[in-house]
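Let's take a walk through this protein together. Keep the sequence and the 3D view handy as you read.

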Amino acid sequence: MDLQCFLCWRVALLLLLSPCGLQCMSVHVINRQPVHVVPGSDLVLKARIEQGPLESISTLTWERELETGPDPKRVTLATNVGRSIRYVGTRPNIFVKVDEKETTLEIKAYSDEDSGVYILTVKDHKGANTSAQCIVRIYEPVHHVSVSINVSHSSLVCGEAWGTDPHFSWLHEQVAISSTVGTVSKDGTTLIVTKTPFCGHFTCMVSNKLGHSSATYTAAPCETGGRGTTAAVVCLIFLLLFGGVLAFLLWRRRRHSNRGERLHEHLDAI
Ligand SMILES: *[C@@H]1O[C@H](CO)[C@@H](O)[C@H](O)[C@H]1NC(C)=O
């Protein structure tokens, strides 16, 4: 086996072993999409770059365009200049790192204007482009919580407008829902009320990383039967006792004054 043939075999083996052969640069964003960023915090997007054994990156560009609207207006956020590995952000809060297998885009102090579709494009040494996209949105606080009743199914439905990642919980008279009051659906938005009679205040609380907001459905007031009777009995006993003491005091006073009169009469007689 001469040297040339040996090299041939080596290249063939490399092509067989590498999953994509010669022409297969691929990129994909690692972050779970869509990415939601709390205003003022940092956005970090990571993408994996896979390249064949004979490929190399000639340019790498991060761009952004609006997610909706007729004019997507693509802007360049960072790209490398010529063959240098220096990546130039178009604003001072944009940073890019690139190594053989990964690239990171970092935007410090994220604001609403940074939202959109982020596009990573990698051009190989032959000028072929490969790209990947990622939707990035701002993390919204909880908005407009409301509770509505579904009379036919004795359930209450909690609604929330556009907060990010809302988490629902329910209270009855300011206390967490117990099995005697009802059951909450898996997603938390519906409370099936099993308590009879259907009464009192039902509060739906919606929360996320930025805070919480709530709404209350007020049903007929609950009869506080047991407690009311006890209070009446206590009141009655108290009144009776008070009356008894008063009567006793009056009777004593009367006796004293009678004795005084008798004493006077006695003295007059002498
Ligand atoms: C009440 O709930 C049931 C079951 O979830 C649903 O099919 C029905 O459309 C609801 N009714 C109203 C008025 O929302």
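Cysteine 199 and cysteine 222 form a disulfide, with their sulfur atoms 2.0 Å apart. To count as a disulfide here, a pair of cysteine sulfur atoms must lie within 2.5 Å. A disulfide, by the way, is a covalent bond between the sulfur atoms of two cysteines. The link of cysteine 199 and cysteine 222 is right-handed, with 95° about the S-S bond. This pair links distant parts of the chain, 23 residues apart: cysteine 199 sits in the loop between β16 (190-193) and β17, and cysteine 222 in the loop between β18 (211-218) and α2 (225-269). The names come from DSSP runs numbered from the N terminus: helices are H or I runs of at least four residues, and strands are E runs of at least two.

Before going on, a word about what you're looking at. This is a predicted model, in which local features need pLDDT of at least 70 and side-chain atom pairs count only at pLDDT 80 or more, while totals for chains, interfaces and linings use all residues. Residues are numbered from 1 along each chain as its sequence is written, and side-chain values use heavy atoms, with hydrogens and water left out.

Back to those cysteines: are they buried or exposed? Buried means under 20% relative accessible area, exposed means over 50%, and partly exposed is in between (1.4 Å probe, protein chains only). Cysteine 199 has 4% relative accessibility, so it counts as buried. Cysteine 222 is partly exposed, because its relative accessible area is 27%.

The count comes to two disulfides, and the other one joins cysteine 158 to cysteine 204, S to S 2.0 Å. That link is left-handed, with -85° about the S-S bond. It also ties together distant parts of the chain, 46 residues apart: cysteine 158 is in strand β12 (residues 155-159) and cysteine 204 is in strand β17 (residues 201-208). Cysteine 158 is buried because its relative accessible area is 5%, and cysteine 204, at 0% relative accessibility, counts as buried too. Count the bonded cysteines along the chain and you get the pattern 1-3, 2-4.

Now for the inside. A nonpolar core is a set of buried Ala, Val, Leu, Ile, Met, Phe, Trp, Tyr and Cys residues joined through side-chain atoms within 4.5 Å. In soluble globular proteins, nonpolar side chains tend to be buried together. The largest core here has 25 residues, and Leu43, Leu45, Trp62, Leu105, Tyr118 and Val136 touch the most other members. Apart from that core lies another, of 15 residues, including Val147 and Phe202.

Take a look at valine 136. Leaving aside neighbours within four places in sequence, its contacts (heavy atoms within 4.5 Å) include Val35, Leu43, Leu45 and Tyr118.

Which residue is the bridge partner of leucine 45 in β8? The partner is leucine 105. Strand β3 (residues 43-50) and strand β8 (residues 102-107) pair in the antiparallel sense over six bridges; two strands count as paired if DSSP finds at least two bridges between them. Both belong to an open sheet of four strands, in the order β1-β3-β8-β7, with antiparallel pairing. At the edges stand β1 (26-29) and β7 (94-98), each with a single partner strand, so one side of each has no neighbour in the sheet.
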